[in-house]
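I opened this model with a notebook beside me and looked things up one at a time. Here are my entries, in the order I made them.

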Amino acid sequence: MTRMLSLAALATSALMLAPAAASAQAGGYYAATPATAPAKNTLITSGTLWKCTDGVCGAAKSTQRDVIMCQMVAQRIGKLNAFSVAGAAFDEATLAKCNSVAR
C-alpha cells in the first residue's frame with residue numbers, strides 16, 4: 001500500500017512539473033519580438049542561445065542585466081517591437097533605450 005502511495009505521489013509531482021518545463025522551453029526567461037523576422041532561427045549573444053519561432057525569440061536567464069540582454073539581441077536582429085523578462089514587458093522608454101543600438 002505504501003509503495004502505491006509513493007508511486008502516485010511521484011506521478012502527481014511529475015505531472016505538476018511538466019507544464020512548467022514546457023512553458024520554460026517554449027518562451028524562455030527573455031522574449032524578444034523583432035519588427036522583422038530574423039534571417040536565422042537561432043543566434044547567440046554573449047554565450048546566451050536565442051531560439052526564434054512564430055515571430056518571437058526566447059532565451060534562458062543570463063547573468064547580464066536585462067537591458068543589456070535586450071540591447072545585445074537588438075544589435076543582432078534589429079529593432080524590437082517588444083521585449084519581456086520573466087513575462088513582464090519593458091515599458092516604452094526602456095524599449096526605446098534597447099532599440100537605440102538596433103542595427
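**Entry 1: the fold along the chain.** I read the protein chain along its sequence and noted the pattern α-β-β-β-β-α-β-β-α. That gives three helices and six strands; helices (H or I, at least four residues) and strands (E, at least two) are DSSP runs, numbered from the N terminus. A note on ground rules: this is a predicted model, where local features need pLDDT of at least 70, side-chain atom pairs count only at pLDDT 80 or more, and totals for chains, interfaces and linings use all residues. Residues are numbered from 1 along each chain as its sequence is written, and side-chain values use heavy atoms, with hydrogens and water left out.

**Entry 2: totals.** I looked up burial next, where buried means under 20% relative accessible area, exposed over 50%, and partly exposed in between (1.4 Å probe, protein chains only). Buried residues make up 30% of the 103 residues in the protein chain. The accessible surface of the chain comes to about 6900 Å², and 59% of that belongs to carbon and sulfur atoms; these areas come from the Shrake-Rupley method with a 1.4 Å probe, and for residues only the protein chains shown count as cover. For contacts (heavy atoms within 4.5 Å), I took those with a separation of 6 or more and found that residues 24 or more positions apart account for 55% of them.

**Entry 3: disulfides.** How many disulfides are there? I counted two, taking a disulfide as a pair of cysteine sulfur atoms within 2.5 Å. With bonded cysteines counted along the chain, the pattern is 1-2, 3-4.

In the pair of cysteine 52 and cysteine 57, the sulfur atoms are 2.0 Å apart. The torsion about this S-S bond is about 105°, so the disulfide is right-handed. Cysteine 52 is buried at a relative accessible area of 6%, and cysteine 57 is buried at 0%.

Cysteine 70 and cysteine 98 form a disulfide with sulfur atoms 1.9 Å apart. Here the S-S torsion is about -90°, so this disulfide is left-handed. Cysteine 70 lies in helix H2 (residues 66–77) and cysteine 98 in helix H3 (residues 92–99), so the pair ties together parts that are 28 residues apart in sequence. Both cysteine 70 and cysteine 98 are buried.

**Entry 4: aromatic rings.** I found five aromatic pairs in the structure. Rings of Phe, Tyr and Trp (its six-membered ring) pair if their centres lie within 6.5 Å; planes under 30 degrees apart count as stacked, over 60 as edge-to-face and the rest as tilted. Tyrosine 29 and tyrosine 30 make an edge-to-face pair, 5.0 Å centre to centre with 90° between the planes. Tyrosine 29 is partly exposed, at a relative accessible area of 27%, whereas tyrosine 30 is buried, at 1%. One aromatic cluster takes in Tyr29, Tyr30, Trp50, Phe83 and Phe90.

**Entry 5: the core.** Which residues touch the most other members of the largest nonpolar core? A nonpolar core is a set of buried Ala, Val, Leu, Ile, Met, Phe, Trp, Tyr and Cys residues joined through side-chain atoms within 4.5 Å. Of the 20 residues in the largest one, I noted Tyr30, Ala32, Trp50, Val73, Leu80, Phe83 and Phe90. At least two residues each come from strand S1 (30–34), strand S3 (48–53), strand S4 (56–59), H2, strand S5 (80–85) and H3. H2 gives the most to this core, with seven residues. I also checked valine 73: not counting residues up to four places away in sequence, it touches Ala32, Leu43, Thr45, Trp50, Gly78, Leu80 and Phe83.

**Entry 6: the faces of H3.** In H3, I found Leu95, Cys98 and Asn99 buried. Seen down the axis of H3, its buried residues fall within an arc of 95° (taken from the directions from the helix axis to the C-beta atoms), so they line one face of the helix. Ala93 and Lys97 are exposed on the other side of H3. The buried residues of H3 pack against H2 and S5.

Entry 7: Is threonine 48 buried or exposed? Threonine 48, in strand S3, is buried, with a relative accessible area of 9%. Leaving aside neighbours within four places in sequence, threonine 48 is in contact with Leu43, Ala59, Ala60, Ser62 and Met69. Leucine 49 also has its place in strand S3, but is partly exposed at 43% relative accessible area.
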